[in-house]
Amino acid sequence: MKHPELTLPQMLRERARQDAQRIAIRQKDFGIWRPFTWAQYHERACHFGMGLRALGLPAGGHVGVISENRIEWVLAQMGAGLVGAITVGVYPTSPSPEVAYVVGHSDIEIIVCEDQEQIDKVLAALPELPRLKKIVVMETKGLRSFAPEVRGLIAAFDEVEQLGARAGNTQPIDEALAHQRLDDIGLMIYTSGSTGAPKGAMISYRNIRGVVPGIVDRLELSQDTTHLSYLPLCHVAEQMLTTFVPVYIGSQVNFGESIRTVQEDLREVAPTM
């Protein structure tokens with residue numbers, strides 16, 4: 001199969017055009033699997049990307065994500081890519097000093113956190129993170145407990161999406177995608193740090209596109225493949241199977257409720273892989 005010479009965000013736009021009503025992602029919330037089409041995936045990522053721009057993220061800026069696997073993780077990643085920014089994954093199991101190291105070392109300007117637990121890790125290191133402008137949170141439970149000056153730093157994920165939707169102008173995305181090249185960096189992935197401080201591997205869109213044919217061939221994947229995503233998305237293995245391959249071939253990804261429900265989710269999804 002010949003894959004187009006397109007970056008991952010350019011390919012997401014193309015996938016939304018080609019397979020608008022096919023199911024791209026299913027996410028389990030409160031016991032119910034909610035489907036999202038390729039058109040919805042692209043539209044929500046565009047809205048989130050425009051929302052990031054409205055928060056002051058520049059082209060080429062760095063967006064951090066610290067969360068378990070869920071649709072908001074990939075919406076943040078694709079949204080950043082659609083406006084020409086770079087995504088940096090942070091392990092949700094990391095303690096505050098490790099989070100602070102990666103956020104500071106990679107020059108993250110906006111970090112997307114899953115919940116209050118992850119926000120607390122970032123706030124504990126805030127004095128060491130002068131470049132950090134904003135914290136975006138997926139689950140807003142417990143936010144009222146923060147002091148007003150801290151609350152001003154934090155925006156809800158839904159609010160950022162709505163901010164982008166209200167902008168109603170996709171020109172920044174059109175311009176970013178028109179200028180995006182395969183040699184641009186799309187993703188930074190940090191090593192485990194077993195031989196010293198973690199190192200940030202800069203992954204280009206050419207790298208991303210380059211591994212897809214081999215994975216598809218080796219694992220015999222197709223548009224009909226269904227996949228349960230649970231390994232950390234800040235690791236390249238899960239990135240390959242949750243974002244790289246599905247966007248290029250149009251296969252389906254399923255996000256369970258949490259890492260603790262994997263056995264049950266496997267039974268319900270019965271993925272081909």
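Author: Start with residue classes. Ala, Val, Leu, Ile, Met, Phe, Trp, Tyr, Cys and Pro count as nonpolar; Asp, Glu, Lys and Arg count as charged; the others, Gly among them, count as polar. The model is predicted, so local features need pLDDT of at least 70, side-chain atom pairs count only at pLDDT 80 or more, and totals for chains, interfaces and linings use all residues. Residues are numbered from 1 along each chain as its sequence is written, and side-chain values use heavy atoms, without hydrogens and water.

Reader: How is the lining of the second largest pocket divided by class?

Author: Six residues are nonpolar, five are polar and one is charged. Among the lining residues are Tyr91, Glu98, Tyr101 and Pro198. The space there is about 160 Å³.

Reader: What makes a pocket, and what makes a cavity?

Author: Rolling a probe the size of a water molecule over the atoms shows where empty space is left. The grid has 1 Å spacing and covers the protein atoms alone. In a cavity, a 1.4 Å probe fits but cannot get out; a pocket is an open set with protein on both sides within 12 Å along at least five of seven lines. Lining residues have an atom within 4 Å of a point. Points are joined across faces, edges and corners, and a volume is the space filled by probe spheres set on them.

Reader: Which residues lie nearest the centre of the largest pocket?

Author: Glu68, Arg70, Glu114, Glu139 and Glu257 do, out of 35 lining residues. That lining has 11 nonpolar, nine polar and 15 charged residues. The pocket holds about 960 Å³ of space.

Reader: Which residues form the nonpolar patch on the surface?

Author: Nonpolar side chains (Val, Leu, Ile, Met, Phe, Trp, Tyr) are joined within 5 Å, like charges within 9 Å. Areas come from the Shrake-Rupley method with a 1.4 Å probe, and for residues only the protein chains shown count as cover. Here Tyr230, Leu231 and Ile259 form the patch, with about 270 Å² of accessible area together.

Notes. Patches are made of residues with over 30% relative accessible area and no salt bridge: like charges are joined within 9 Å, nonpolar side chains (Val, Leu, Ile, Met, Phe, Trp, Tyr) within 5 Å. A salt bridge is a side-chain nitrogen of Lys or Arg within 4 Å of a carboxyl oxygen of Asp or Glu.
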